[in-house]
Amino acid sequence: MKPQNTFPLPDRMKHLPRDPRGFPIPVIVTRDKSGRPHFTMNDEAMRQRIIREDRCAICGGKLLRGRWSVGGPLSAFHPDGRYNDTPLHYECASYALRVCPYLAMPSYSKRLDTKTAVNAEFNGTLIAIDPTILDARPELFVAVMHIGQTYSPGPVGLGYVIPKRPYRQIEYWQQGERLDPVAGKAIADRILADFLRENPLP
């Protein structure tokens with residue numbers, strides 16, 4: 001992964017506060033009483049507002065007709081694929097895929113914030129921690145552009161994001177770099193085939 005200052009911060013994100021490392025803090029991220037952000041924990045009340053108002057989960061701005069979802073190959077290509085995270089502007093998604101430690105850093109292989117949050121204090125914030133999300137980071141991230149989405153019911157409102165298919169564009173990302181589409185698709189196809197071999201469709 002290249003240093004974050006290698007890539008200019010998109011105009012849409014310039015209003016966001018920064019953490020001590022200089023990373024912009026997405027609007028959907030949970031913060032504890034001390035103001036510390038917990039990047040892999042969503043503020044569920046904000047998430048529900050983002051859904052209601054059709055806004056980007058990173059910058060908080062209104063989404064365009066074409067919006068992007070980012071996740072692993074199973075979210076993108078499994079027949080029942082869906083996303084926990086809500087859609088993004090392309091500029092916000094591509095910046096995150098380049099500089100976000102979880103998305104781009106090879107050595108950042110675990111979701112740590114649910115552990116660091118144990119000793120943190122929160123202001124009554126409703127926090128969403130999804131136990132179905134794998135601890136290990138996906139081998140490959142897939143960004144898909146779609147026109148609209150639906151939502152499944154969740155325990156406190158709307159839950160998983162289900163992008164409308166067919167996708168308008170697809171990008172494959174690994175360790176902060178955008179892959180050649182043929183190479184990226186080959187990796188995604190292998191991951192999906194391996195999963196379906198162990199978990200066949202009914």
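This report describes the fold, cores, sheet and selected residues of a predicted model.

## Overall composition

The chain contains six helices and nine strands, and of its 202 residues 44% count as buried. Its accessible surface comes to about 10800 Å², of which 55% belongs to carbon and sulfur atoms. Among the contacts in the chain with a separation of 6 or more, residues 24 or more positions apart account for 68%.

In soluble globular proteins, nonpolar side chains tend to be buried together. Here the largest nonpolar core has 25 residues, and those touching the most other members are Met13, Cys56, Ile58, Val70, Leu88, Leu97 and Phe141. Two or more residues each are given to this core by strand E3 (66-71), helix H3 (90-99), helix H4 (101-104) and E5. The largest share, six residues, comes from H3. Apart from this core lies another, of eleven residues, including Leu140, Tyr167, Tyr172 and Ile187.

In H3, seven of the ten residues are buried, namely Cys92, Ala93, Ser94, Tyr95, Ala96, Leu97 and Val99. In E3, five of the six residues are buried.

Strands of a sheet pair through backbone hydrogen bonds, either parallel or antiparallel. In this model an open sheet of four strands runs in the order E3-E5-E8-E9, with antiparallel pairing; its edge strands are E3 and strand E9 (177-178), each of which pairs on one side only. E3 and E5 are joined in the antiparallel sense over six bridges, and within this pairing the bridge partner of Arg67 is His146 in E5.

At the other end of the order, strand E8 (residues 169-174) and E9 pair in the antiparallel sense over two bridges, with Gln174 standing opposite Glu177 in E9.

## His146 in strand E5

His146 is found in strand E5, which spans residues 141-147. The residue counts as buried because its relative accessibility is 0%. A polar atom of the His146 side chain lies 2.7 Å from the backbone oxygen of Gly148.

Leaving aside neighbours within four places in sequence, His146 is in contact with Arg65, Gly66, Arg67, Trp68, Ser69, Pro87, Pro163, Lys164 and Tyr167. One of these, Tyr167, is also listed among the residues of the eleven-residue core, while another, Arg67, is the bridge partner of His146.

Cys56 is in no disulfide, and the nearest cysteine sulfur, that of Cys92, is 3.9 Å away. A disulfide would need the two sulfur atoms within 2.5 Å, so the 3.9 Å between Cys92 and Cys56 is too far for a bond. Cys56 is buried, with a relative accessible area of 0%, and Cys92 is likewise buried, with a relative accessible area of 0%.

Leu9 is found in the segment before strand E1 (29-31), and with a relative accessible area of 14% it is buried. Although Leu9 and Cys92 are 83 residues apart along the chain, their C-alpha atoms are separated by 8.9 Å. Not counting residues up to four places away in sequence, Leu9 touches Lys14, Arg18, Pro24 and Tyr95, and Tyr95 is one of the buried residues of H3.

## Backbone exceptions

Most residues other than glycine have a negative phi, and most peptide bonds are trans. Against that background, the peptide bond from Arg165 to Pro166 is cis, with omega near 0 degrees; Pro166 lies in the loop between strand E7 (157-163) and E8.

Asp54 has a positive phi of about 55 degrees although it is not a glycine. This residue is found in the loop between helix H1 (44-53) and E3 and is partly exposed, with a relative accessible area of 24%. Gln175, also a residue other than glycine, has a positive phi near 50 degrees, and it is partly exposed, with a relative accessible area of 42%.

Methods: Residues are numbered from 1 along each chain as its sequence is written. This is a predicted model: local features need pLDDT of at least 70, side-chain atom pairs count only at pLDDT 80 or more; totals for chains, interfaces and linings use all residues. Side-chain values use heavy atoms; hydrogens and water are left out. Buried means under 20% relative accessible area, exposed over 50%, partly exposed in between (1.4 Å probe, protein chains only). A polar contact is a pair of N or O atoms within 3.5 Å; within protein, one must be able to donate a hydrogen and the other to accept it, and residues adjacent in sequence count only if both atoms are side-chain atoms. Contact means heavy atoms within 4.5 Å. Accessible areas come from the Shrake-Rupley method with a 1.4 Å probe; for residues, only the protein chains shown count as cover. A nonpolar core is a set of buried Ala, Val, Leu, Ile, Met, Phe, Trp, Tyr and Cys residues joined through side-chain atoms within 4.5 Å. Two strands pair if DSSP finds at least two bridges between them.
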